[in-house]
Amino acid sequence: MAENFSPAYITNPKSLPENSHFKGEEGVWEPRKWGIMEGRWGFAATLALIMATVVLFCLSMRVSEDQYAFLGDIKNMILGISAGEIPPQHHDVDGVKKTKHALSPNLTTCDVSFPRPDLSIYCCPPEPESEEPFIDFHFPDTSSPLRLRRPVHLADADYIAKYIKAVSIMKSLPYDDPRSFRRQGDRHCIYCTGAYKQKYSDLPLDVHRSWLFFPWHRMMIYFHERILGSLIGDDNFALLFWNWDNPAGMTIPEMFMNGPLVDGDREISHFPPKFVDLNYDLLVEGRGNDEQLKMNMATMYTQMVSGAKRTELFMGCSYKAGEGGGCDGPGTIENAPHNTIHDWVGSGLNPGRENMGSFYSAARDPIFYAHHGNLDRMWEVWRRIHGDQPYNSDIIDSDWLDSYFFFHDEKRQLVRIRIRDVLNITNLRYAYEEIPLPWLTARPPPSVPPKIARELLKLRDLDEPFVRSADFGPHGRTLDTTIRVKVHRPKMHNKISKKQKDYFQEEEVLVVYGIELKEEKYVKFDVYVNAVDETLMVGPVFREFAGTFVNIPHSIRRVMRRKSNLKLGISELLQDLEADEDESIWVSLIPRGEDCMHVSIDGVRIEYMH
């Protein structure tokens, strides 16, 4: 049986199977085509007889997802042989070799979702997807057109007409058609509320708040884009992205204010010409666009540059299968502007700020796809900004690479697709138009000159000689008011020189750990370092802002799962505050909204990422 090798792990080419070649566009080693025609058809006929026997057997009993996987593998093998090649072989029904903790959904059961205690939602497919045969994902042909995704605000009338036509057709499809607009939206609901459990486990599967966030949503909009194009017969059709990180694109795009692209559940007070608030907190309204622009540029700089200089800080925690593999630690961009924009668009008249403000309903709004188009673009931008650093290489953990999910393609065929399949957008045959990134130079200044701040903070030491420990104890502290604590930096790192720090390429990371939500509500709090006057800390425009934590209600099941952690890179921040040689720093956790009274925190500490 042929092996499946990844070039990322190959150090000795001689270790490869003799009868193999490298398929460059897919990045895998695969068996060579057979050169002997005589044995091929006889072998295929034998396999066909075996398959017929297995089909008759399965028809006599309840067919499971694994049985369909087995049938699909035999079918693909026969078809591959008839085409002159042996297709890749699976070592087990998951098609994943030696990967014990890769995540995947259990398609045999789909549960009711509970976005909040007073609401139950059933967003499962009409028939269990475990009863559908599936195929494995294949890259588009390299000769196919490269779909160019452009910013919404630059779309011309012809494109807008095509997009409106495609969405209109999609909305007209019946619900039992998996290409229908509502079914597309409900797929997001299923994977984001724990409706599907993990395979081989009773634990719910959630694609938010971890390293699954970016690749899963890339898969979703990839298939959504291809379905739209097929509905209007346009192989070149590409989605647009809402360019909310650029001043020219900071309002709700005009094309989403008309026809089938309108959603009736949006916040009316945020309609154009009002600028989007990338650090929205439900409280502060009425800023002018000039002031909001400064806030947004500073937010982007912190979330994309200074606070996200390591892969984990940007991508989120490593979420794996099984009882010991779970985590809840979103990356910087997932917290804001992802979560904040969802809430900013959703209607304040609805209890969960539906549609965009609740994950079960978010994808019912057509703007969802433009929003996530820009988030997908941010992944590519981040890789360009930080990815050339040796300490920020792409994730090579096979548990992540081999995690897989299921989507329907433009032919209504169920497709199994793995994370490793979506890491190169050129292989997926799409690209993003190059747009200026004005926030790259929006490095915020300190609110108070560092030397003055240092003297004022010394006075705080005198006023508050008995500061509570940064570990808040077994019951934590409730965030019903600002929590201020002095956090000691590990002395072993204070003693080494700046030259040594640069050599080891360490990133100092502020960790707010043990964040527990007593109720599943929208929660936001901001984190500041060495803030002399916390009343001035109204957003990210000052260097003291380290980052933000934002929770959008998922499902009440999530409350019973585990506590969250927030990790923020602060090395550059400490340099700008001239605090990088200090033995300790002051950390302020400032609640943004009354629902923070339902939050407790176990403590704050410093870690180092190499």
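I began with an open sheet of 4 strands, which has the order E13-E18-E15-E16 and antiparallel pairing. The edge strands are E13 and strand E16 (545–551), each of which pairs on one side only. From one strand to the next the twist averages 20°. For the names, helices (H or I, at least four residues) and strands (E, at least two) are DSSP runs numbered from the N terminus, and two strands pair if DSSP finds at least two bridges between them. I noted that this is a predicted model, in which local features need pLDDT of at least 70 and side-chain atom pairs count only at pLDDT 80 or more, while totals for chains, interfaces and linings use all residues. Residues are numbered from 1 along each chain as its sequence is written, and side-chain values use heavy atoms, with hydrogens and water left out.

I then looked up the pairing of E18. Strand E13 (residues 483–488) runs antiparallel to E18 over 6 bridges, and the partner of histidine 488 in E18 is serine 584. Strand E15 (residues 523–529) is also antiparallel to E18, over 5 bridges, with valine 529 bridged to valine 587 of E18.

How many residues of strand E18 (residues 584–591) are buried? I found 8 of its 8 residues buried, where buried means under 20% relative accessible area, exposed over 50% and partly exposed in between (1.4 Å probe, protein chains only). Ser584, Trp586, Ser588 and Ile590 point one way from E18, whereas Ile585, Val587, Leu589 and Pro591 point the other way, and all are buried.

Helix H8 (residues 332–345) lies across E15 and E16, and runs at about 45° to E16. Angles such as this run from 0 to 180 degrees between N-to-C directions, with axes that are lines fitted to C-alpha atoms, for helices over the stretch in contact.

**Entry 2, the sheet with E10.** I next turned to 3 strands that form an open sheet in the order E6-E10-E9, with mixed pairing. Strand E6 (134–136) and strand E9 (404–408) are its edge strands, each pairing on one side only. Neighbouring strands of this sheet are turned by 35° against each other on average, direction ignored. Helix H5 (residues 213–231) packs on the sheet, where it touches E9 and E10, and its direction makes about 20° with that of E9. E6 and E10 pair in the parallel sense over 3 bridges, and phenylalanine 134 has leucine 414 as its bridge partner in E10.

Is leucine 428 buried or exposed? I recorded leucine 428 as buried because its relative accessibility is 2%. Leaving out residues up to four places away in sequence, leucine 428 touches Phe137, Phe139, Pro140, Arg218, Tyr222, Asp421 and Val422, a contact being heavy atoms within 4.5 Å. I also checked serine 144, which is 284 residues from leucine 428 in sequence, with 9.9 Å between them in space, C-alpha to C-alpha.

I found the peptide bond from proline 272 to proline 273 to be cis, with omega near 15°; proline 273 is in the loop between H5 and helix H6 (289–306). Leucine 282 is also found in the loop between H5 and H6, and has a positive phi of about 75° although it is not a glycine. Leucine 282 counts as partly exposed because its relative accessible area is 32%.

The peptide bond from glutamate 354 to asparagine 355 is cis, with omega near 5°, and asparagine 355 is in the loop between H8 and helix H9 (367–386). Arginine 412, in the loop between E9 and E10, is not a glycine but has a positive phi of about 70°. With a relative accessible area of 48%, arginine 412 is partly exposed.

I recorded 15 helices and 20 strands for the protein. Buried residues make up 57% of the 610 residues. Among contacts between residues at least 6 apart in sequence, 77% join residues at least 24 apart.
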